[in-house]
Amino acid sequence: MSNLRKYKRKFLLSAGLITMLASAQLHAAGTLVYCAEASPEIFNPQLATSGISMDASAVPVYNRLVEFKLGTTEIEPSLAKSWDISQDGLTYTFHLRDDVKWHSNKEFKPTRNLNADDVIFTFMRQKDKNHPYNKVSGGQYEYFESMGFPDLIKEIKKIDDHTVVFELNHPEAPFLADLAMSFASILSAEYADTMLKKNTPEKLDLVPVGTGPFTFVQYQKDSRILYKANPDYFGPKAKLDRLVFSITPDAAIRYAKLQKGECHAMPYPNVADVERMKSDKNIVVKEMAGVNIGYLAYNMDKPPLDKLQVRQALNMAVNKDAIIKAVFQGAAEPAKNFIPPSMWSYNDEVKDYPYDPAQAKELLKSAGLENGFTINLWAMPVQRPYNPNARRMAEMIQADWAKIGVTAKIVSYEWGEYLSRIRDGEHDAVLMGWTGDNGDPDNFYSVLMSCDAVKAGSNYSRWCYKPFDDLLQQARIESNHEKRVELYKQAQVEMHNQAPALMIAHSMVYMPLRKEVKGYIMAPLSLHDFNQVTLEK
């Protein structure tokens, strides 16, 4: 063997040994790699609506006054160790923990623990248009505004460092559950003041400082996010040392990485791959019925979509059963209401629009559009639990509409830009969806279909219909559960009759994991939490 060949062989063996040692160290150190489906919009859940932005900020970095018990929609204490609610439902008094430490970074070292000032800052930033942080990073608080919080919250008062009181203008049945949602994550007022003085206020939203189980270390745009365990966490400490989000938009590539052990967990697999994953001894596939809806919103600001007969015709032209077979591989059920059948108040008496192209043509004719029209159909560029392949779905809808003389041009953008453009109402018809945040019907209807949601930018149908909106308002202030059920059932009838959207499917949700991942619990609200997870060597 020549000296050159000996050298090459020695080098390759050394390189292989280094790789093996690095891999062993990765596992020994407890670093979990999560192949995430997209890049976050931002690292402040007040300013985001996408699941990946919540996964990347609200879950690992932040906490809320109250939380959902992992794997459920039950409320449990978090930053607030207890709370009192007045008999009239207008006053909520939260008693804060006194042992909650803030994270730190190169530019910020906290001088105090969490206190009432942080709670007041968090909510007043979103409520007060004159707040110094209200307009920072675009100032779009879609959840806060679409859920009517600016009008709901009358005042937030600091009694002392560890007691804060919310005074409401009217009773709000889902208020506690709302406070467990990601948008209610508590931010540091001291960090905000420090960044404002440095003339870099946007860093509050881009370099997050929270109280959560993991601290933010670094974000390489469109590549990876690195976190490390927070040794000062007030709750059960993370069992991992590090958490890495490896941003991998393509589901096939996520699957390949999972097979090779380059990542330990991945969301939203191609449904066609699930059975093959289940047969792999190195992969465990967790699954559950999703609390979700995949839908197509019609922008009623764009004629002829402002005509009810046109929307009804478009609904009746789409073969939903074919979509469920082709796009969801059967792992979904057709949707006729905006909330899933598993949610309380679901109205099974509502009759879905039938698949009837002949009747659809008659409706277009009666609307004066016998020769059809042209429409832009927007398709998401990423996989979501409620839509595993938006492009394929759009192509099938395009073909169905062509049969009744409607020409659809498919449009798509990068995910962040897509969301930004549809908030501004640039679309005609747009494929979107929703996974519930708190187990309450209000979280679907108020956030996405209310008049407040039109102003907030999250009502992509731009549909403000007073009879429907009045029902939502009544349901939110009603304390009697059975009366709330009836109000939401009526709302479902109104929404069906007005057809602001095509309800497509409620899907199953899958979470493939490497077999060495232990302790992962699927959340019904579809966030991905690795705080309880361990890696088996």
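**Starting at Arg 484**

I began with Arg 484, which sits in helix H19, residues 481-498. I kept in mind that I was reading a predicted model.

Is Arg 484 buried or exposed? I found a relative accessible area of 5%, so Arg 484 is buried, the cut-off being under 20%.

Next I asked which residues Arg 484 is in contact with, leaving aside its neighbours within four places in sequence. My list reads Ala 173, Pro 174, Trp 344, Asp 440, Asp 442, Ala 475 and Glu 478.

**The whole chain**

I then stepped back to look at the protein chain, and I noted 19 helices and 19 strands. The radius of gyration is 25 Å, close to the 24 Å that the globule rule gives for 537 residues, so the chain is as compact as a globular protein of that length. Along its principal axes, the C-alpha trace spans about 85 × 75 × 40 Å.

How much of the chain is buried? I wrote down 57% of the 537 residues. I also looked at contacts with a separation of 6 or more, and 70% of them are accounted for by residues 24 or more positions apart.

For the surface, I noted that the chain exposes about 22,000 Å², with carbon and sulfur atoms supplying 50% of it. Then came the charges: there are 63 positive and 66 negative side chains, and the centres of the two sets lie 9 Å apart.

I moved on to Gln 383, in the loop between strand E14 (373-378) and helix H14 (390-402). Gln 383 counts as buried because its relative accessibility is 9%.

What does the side chain of Gln 383 reach? I found the backbone oxygen of Pro 388 at 3.1 Å. I also found a polar contact of 2.9 Å between the side chains of Gln 383 and Arg 254.

Leaving aside neighbours within four places in sequence, I listed the residues in contact with Gln 383, among them Glu 37, Pro 249, Ala 251, Tyr 268, Pro 269 and Asn 270.

Tyr 268 is in the loop between helix H9 (251-260) and helix H10 (274-278). The phi of Tyr 268 is near 50°, a positive value in a residue other than glycine. I made a note of this because most residues other than glycine have a negative phi. Tyr 268 is buried, with a relative accessible area of 6%.

I found a positive phi at Ser 345 too, about 85°, although this residue is not a glycine. Ser 345 lies in the loop between strand E13 (332-334) and helix H13 (357-366), and counts as buried at 6% relative accessibility.

I also checked a peptide bond: the one from Pro 303 to Pro 304 is cis, with omega near 5°. Pro 304 is found in the loop between strand E12 (292-298) and helix H11 (308-317).

**A covered helix**

My last stop was helix H2, residues 51-58.

Definitions and conventions
Residues are numbered from 1 along each chain as its sequence is written. This is a predicted model: local features need pLDDT of at least 70, side-chain atom pairs count only at pLDDT 80 or more; totals for chains, interfaces and linings use all residues. Side-chain values use heavy atoms; hydrogens and water are left out. Helices (H or I, at least four residues) and strands (E, at least two) are DSSP runs, numbered from the N terminus. Buried means under 20% relative accessible area, exposed over 50%, partly exposed in between (1.4 Å probe, protein chains only). A polar contact is a pair of N or O atoms within 3.5 Å; within protein, one must be able to donate a hydrogen and the other to accept it, and residues adjacent in sequence count only if both atoms are side-chain atoms. Contact means heavy atoms within 4.5 Å. The radius of gyration is taken over C-alpha atoms; the globule rule is 2.2 Å times the number of residues to the power 0.38. Accessible areas come from the Shrake-Rupley method with a 1.4 Å probe; for residues, only the protein chains shown count as cover. Lys and Arg count as positive and Asp and Glu as negative; His and the chain ends are not counted. The place of a charge is taken as NZ of Lys, CZ of Arg, CG of Asp or CD of Glu.
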